[in-house]
Amino acid sequence: MRIVVALGGNALLRRGEKPDASIQIHNVEVAARELAKLAEKHELVLTHGNGPQVGVLALESANDERLSEPYPFDTLGAQTQGMIGYWLLQAMQNALPGRHVAAMVNQTLVLAGDPAFSNPTKFVGEVYSKEEAEKLAEERGWVVKPDGEHYRRVVGSPKPQRVIETRLVRSLLEAGAIVVCSGGGGVPVIRSTEGKLRGIEAVIDKDLTASVLAEALEADALLILTDVDGVYEDFGTENQKQVPRATPAALRAMGLPSGSMGPKVEAVCRFVELTGDMAAIGRLEDAVSIIEGQSGTIVTPGGNYGGPDDIHPPIPEQIDTRIRRA
Ligand SMILES: Nc1ncnc2c1ncn2[C@@H]1O[C@H](COP(=O)(O)OP(=O)(O)O)[C@@H](O)[C@H]1O
Ligand SMILES: NC(=O)OP(=O)(O)O
């Protein structure tokens with residue numbers, strides 16, 4: 001199978017942990033041991049989040065008095081791809097000696113007219129109290145929004161249209177490499193009327209980019225790995241119940257929160273609707289078991305999945321809401 005995995009920010013930095021390199025390298029090593037089990041049997045493309053890390057770099061840059069202006073978010077996104085990509089590269093090489101691993105700095109095309117530029121939603125950096133956040137917003141010109149019971153800086157997060165280096169990723173996969181790419185959703189770029197690429201200030205959602213990439217690579221599965229074992233009905237209440245199987249329509253109808261589960265649900269639904277294949281949301285530790293059909297919330301056109309021999313589950317006749325790949 002060809003599998004695209006989106007690795008949640010929580011796998012790199014758990015809630016409340018300091019963003020020290022040593023802590024993140026340890027977390028990446030734990031993640032790599034799980035991901036290696038998938039890579040032993042399957043082609044693997046890994047994308048990762050960068051929200052906490054890009055916020056740290058943005059603050060460092062803004063506080064550097066030698067600079068006449070802080071580094072823009074596209075440049076900071078590339079920095080996080082280099083840093084986290086290096087950690088994943090080394091950890092995957094150590095987990096799978098002899099296997100080729102490539103970590104790329106690469107770009108994602110967005111549209112200059114995307115309304116997301118004027119309505120920032122992507123959380124970056126650390127959490128603050130309401131008072132701290134409001135002070136920072138005034139002093140530094142940030143936009144801040146509530147994230148659970150705290151506040152965080154938000155930046156524009158346009159929809160990913162295409163991973164610019166898709167063909168190169170495909171070539172690396174076909175050469176047997178594990179590919180780490182599109183970290184932080186990819187460096188956001190727009191194409192000028194002359195056809196030239198140019199960076200633009202934004203942070204793209206990595207789950208949505210993983211979905212776009214998985215479809216373009218004709219992946220058999222898209223796995224969104226985070227710190228919960230699936231999507232829950234009545235999440236956070238005593239009646240919460242994990243959803244083991246779902247159709248895209250049923251999952252969309254749950255109306256999940258835009259800052260956390262919402263983009264993951266949109267990413268898996270989009271992939272399943274466009275390809276007719278399987279996508280899932282679950283815990284990093286359950287990656288293999290999700291592919292086996294034993295964990296996670298698994299989404300297919302008909303809401304059925306029997307395991308890796310059923311990677312293109314049949315679509316029941318009565319469901320006609322998705323487009324199948326020829
Ligand atoms: N209905 C739901 N089911 C499961 N998790 C949910 C739900 N609604 C919100 N969440 C939250 O979504 C979080 C995962 O999203 P997020 O923090 O953005 O993940 P990551 O950083 O790993 O990409 C979970 O830790 C959980 O707190
Ligand atoms: N870019 C991105 O989606 O990062 P997080 O997953 O860390 O929010």
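How many aromatic pairs does the structure hold? The structure holds two. Rings of Phe, Tyr and Trp (its six-membered ring) pair if their centres lie within 6.5 Å; planes under 30 degrees apart count as stacked, over 60 as edge-to-face and the rest as tilted. The ring centres of Y128 and W142 lie 6.1 Å apart, with planes at 50°, so this pair is tilted. The pair links distant parts of the chain, 14 residues apart. Y128 belongs to strand β5 (residues 122-128), while W142 sits in the loop between α5 (130-140) and β6 (143-147). Helices (H or I, at least four residues) and strands (E, at least two) are DSSP runs, numbered from the N terminus.

This is a predicted model: local features need pLDDT of at least 70, side-chain atom pairs count only at pLDDT 80 or more, and totals for chains, interfaces and linings use all residues. Residues are numbered from 1 along each chain as its sequence is written, chains are lettered from A and ligands numbered from 1 in the order in which they are written, and side-chain values use heavy atoms, with hydrogens and water left out.

Y128 is buried at 12% relative accessibility. W142 is buried too, at 11%. Here buried means under 20% relative accessible area, exposed over 50%, and partly exposed in between (1.4 Å probe, protein chains only). The other pair is Y232 and F235. Their ring centres are 6.1 Å apart and their planes stand at 55°, so this pair is tilted. Y232 is buried, at 16%, whereas F235 is exposed, at 56%.

Strand β5 also holds V124. V124 is buried, with 2% relative accessibility. Leaving aside residues up to four places away in sequence, V124 touches G51, V54, G55, R152, R153, V155 and V203. Contact means heavy atoms within 4.5 Å.

Ligand 1 is surrounded by 18 residues. The closest are N10, K206, T226, D227 and K264. A residue is near a molecule if one of its heavy atoms lies within 4 Å of it. The shell divides into seven nonpolar, seven polar and four charged residues. An N or O atom in the D227 side chain is 2.7 Å from an oxygen atom of the ligand. A polar backbone atom of Y232 lies 2.9 Å from a nitrogen atom of ligand 1. For K264, a polar side-chain atom is 2.5 Å from a ligand oxygen atom.

Methods: A polar contact is a pair of N or O atoms within 3.5 Å; within protein, one must be able to donate a hydrogen and the other to accept it, and residues adjacent in sequence count only if both atoms are side-chain atoms. Ala, Val, Leu, Ile, Met, Phe, Trp, Tyr, Cys and Pro count as nonpolar, Asp, Glu, Lys and Arg as charged, and the others, Gly among them, as polar.
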